[in-house]
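The exercises below go through a structure one step at a time, each with a task sentence and a worked solution. Please keep the sequence and the model in view while working.

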Amino acid sequence: MAETKEKEPLFSTKNKKLLSEPMVRNNPITVQVLGICSALAITVKLEPSLVMALSVVVIMGVSNVIISLLRNMIPPRIRIIVMLTVIASLVVLTDEVLEAFLYDVSKQLSVFVGLIITNCIIMGRLEAFASSNKPWPSFLDGIGNAAGYGWILIVVGFFRELFGSGEVFGYPVFEKIGLYSIGYENNGLMILPPAALFVVGIIIWVQRSRHPELVEEN
Amino acid sequence: MENLFDIFIKAIFVENMIFAYFLGMCSYLAVSKTVETSTGLGLAVVFVLGITVPVDYLINEYLLADGALAWLGPEFATIDLSFLSFIMFIAVIASMVQLVEMVIEKFSPTLYANLGIFLPLIAVNCSILGGSLFMQERDYNNIAEATSFGLGSGVGWFLAIVAIAAIREKIRYSNVPAPLRGLGITFIITGLMGIAFMAFMGIEL
Amino acid sequence: MSNSYIFRFATIMVVLVAAILTAVATILKPMQEKNKDEEKMQAILSSANIEVERDEAINKYKERLLAEYMLDLDGNILSIYQGEEEGFSKGSERAFEIDLKKMLEAIKQFEAGSQQVSPHLPMYVIKDQEGDSLFIIPVRGKGLWGPIWGNIALENDLNTIAGASFDHQGETPGLGAEINTDMFSDRFKNTKIFNDQGKFVSVQVIKGGVENSKISSKHGVDAISGGTITSNGVSDMIENVLSYYLPYIKKHQ
């Protein structure tokens, strides 16, 4: 295994592609339609979105490496349960760490941290990539997909917080630039659940008009 | 009794898994192309939620929660195993799905033919784990309340997926802007349906 | 891959996972508990109009705490805890350690007759910025989505509300969730829980504004627009929980 690694530089074109591909062209949310479940409900504010995105990046990177290392040892018949156990343990660790060090954020995320377990992106990538590839490419694949998922989350969180509460990271932007004094009002719809769907819908719209090859047939 | 009905209705309309919490969105988006398959998956979800939520309730109440082991003896009363709940819940769900699949296969081949292909999909459906986690967070008082919450959530999910499938069947005849076709428009319609469902908010029974 | 291999693999995995998780949970537990304690202290101080950051809450609480009382339902003081150094001057039950949810359930059962032992009520006495003692009663009730809770600080006359703080588990962001802002809790300042005839009327949260209602601004505050059920929940929990403290209040007024 070490020999092949020497032949291939750490960031070969192939490996870079593993990272960049899921950003737009093969984005887990807008193209592969995975992992939407746990994502949308926590995007009311930017901060929880960021924490959620980071948690998923960490969990996905680590779980991909673990499964990839164990790929020849895991009995195929119980592989789904093994994967779920690995993910679930990592999620529990993340949850415990958040509760100890980032208490306020962990309160906002509440049950949604637990739902990372059923985040289909993680299961999907473990099954499709990590269980048949070496640790390093698996790690990149995990990070790439999680980042592709994360940026959507952060963009949605940014717009919902900006238009819904007029703030960015809790800093009252709209108030400071004097938008309220000329009669602007916060858009109450943005903080309600359906707004997340609209924002993602718009992201898909923008993305697909720029990449016409992604357009579906109906 | 009133309380049970209240929880049931609330879980269907006000706290709808799809429209209020976006749980189970993956299969909701992927399988909602025709009404027929949606009905099958929807029924399977009702079924599995109706079983796993009460089972997880018992596990939480008598094994995991702070002081839950008190029935073993007073020296166990301080044990708090709640950090194991994610793993226990997902294990229960995975094995329940397996069990349900086997039972249905044995006793009702017709039902199995209809539901069978959807059951494995359900283990990773977030609404199932979400149901158990919400049950734990909301602290229902007894198993009847937990069951009625589980069934209500399932029925809510069923309603949502059948409704969107019906809309998607019709929308094929409309002129949707090309980049929005398929996924994009489904997101936006779901959002609009979510707004409609918000009209149920604040219903007091 | 024989069955025995699968079995061995599964056993090793389960043992390993359980060991790691238990270790982490045990190591992090004290920090998590501290976070929860700090949050509770911060909320109590906030109702006494003392705003502190969470990491300073423990010290500030120690500095401001005059006593933690435990009362019985007839209004007698059973325990008095005066801080870490002084310890208990009476009884041995700390108000801070009471789980309000369990306590309120126990009271309901006691009143229904299904439980014989009378539950005890917690109360905090905190010295505010001006040096006056405030009597703080923790409250808990139901909002739209889940539980809501808070603290009500009464002045020495046990009638005027000096301040309040509220929090919630998952009310609608921007609507019901606004109850945890100062904007909402400040509305309770200087309201009274007894009317001029000395009858307990509590403080109502009124939809559509106090001005347009029959209730005087002494006993009512404006609701949050769009958060009607959460607002009603706040009204109900204050009235409901304070009513258990009436015997004590009547005795000491």
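**Exercise 1. List what C:His168 touches beyond its sequence neighbours, and describe its setting.**

Step 1. Leaving aside residues up to four places away in sequence, C:His168 touches C:Pro147, C:Ile148, C:Trp149, C:Ala177, C:Ile179 and C:Asn180, where contact means heavy atoms within 4.5 Å. This is a predicted model, in which local features need pLDDT of at least 70 and side-chain atom pairs count only at pLDDT 80 or more, while totals for chains, interfaces and linings use all residues. Residues are numbered from 1 along each chain as its sequence is written, chains are lettered from A and ligands numbered from 1 in the order in which they are written, and side-chain values use heavy atoms, with hydrogens and water left out.

Step 2. With C:Asn180, the side chain of C:His168 makes a polar contact of 3.4 Å (a pair of N or O atoms within 3.5 Å; within protein, one must be able to donate a hydrogen and the other to accept it, and residues adjacent in sequence count only if both atoms are side-chain atoms).

Step 3. C:His168 lies in strand S7 (residues 161-168) of chain C; helices (H or I, at least four residues) and strands (E, at least two) are DSSP runs, numbered from the N terminus.

Step 4. Is C:His168 buried or exposed? Its relative accessible area is 12%, so C:His168 is buried, given that buried means under 20%, exposed over 50% and partly exposed in between (1.4 Å probe, protein chains only).

**Exercise 2. Describe the fold of chain A in outline.**

Step 1. Chain A has ten helices and zero strands, and its C-alpha atoms fill a box of roughly 65 × 45 × 35 Å along the principal axes.

Step 2. Of the 218 residues in chain A, 53% are buried, and among contacts between residues at least 6 apart in sequence, 76% join residues at least 24 apart.

**Exercise 3. Characterise the interface of chain A with chain B, and then that with chain C.**

Step 1. Turning to chain C, 23 residues of chain A are in contact with 23 residues of chain C, and the area buried is about 2,100 Å², with 68% given by carbon and sulfur atoms.

Step 2. Here the rule finds one salt bridge, formed by A:Glu99 and C:Lys36, whose closest N and O atoms are 3.2 Å apart, as well as six residue pairs in polar contact, both at pLDDT 80 or more. H5 and helix H6 (103-109) of chain A each supply at least two residues of the side that touches chain C, and the largest share, ten residues, comes from H5(A).

Definitions and conventions
Buried area = accessible area lost by both parts, 1.4 Å probe. Salt bridge = Lys/Arg side-chain N within 4 Å of Asp/Glu carboxyl O.
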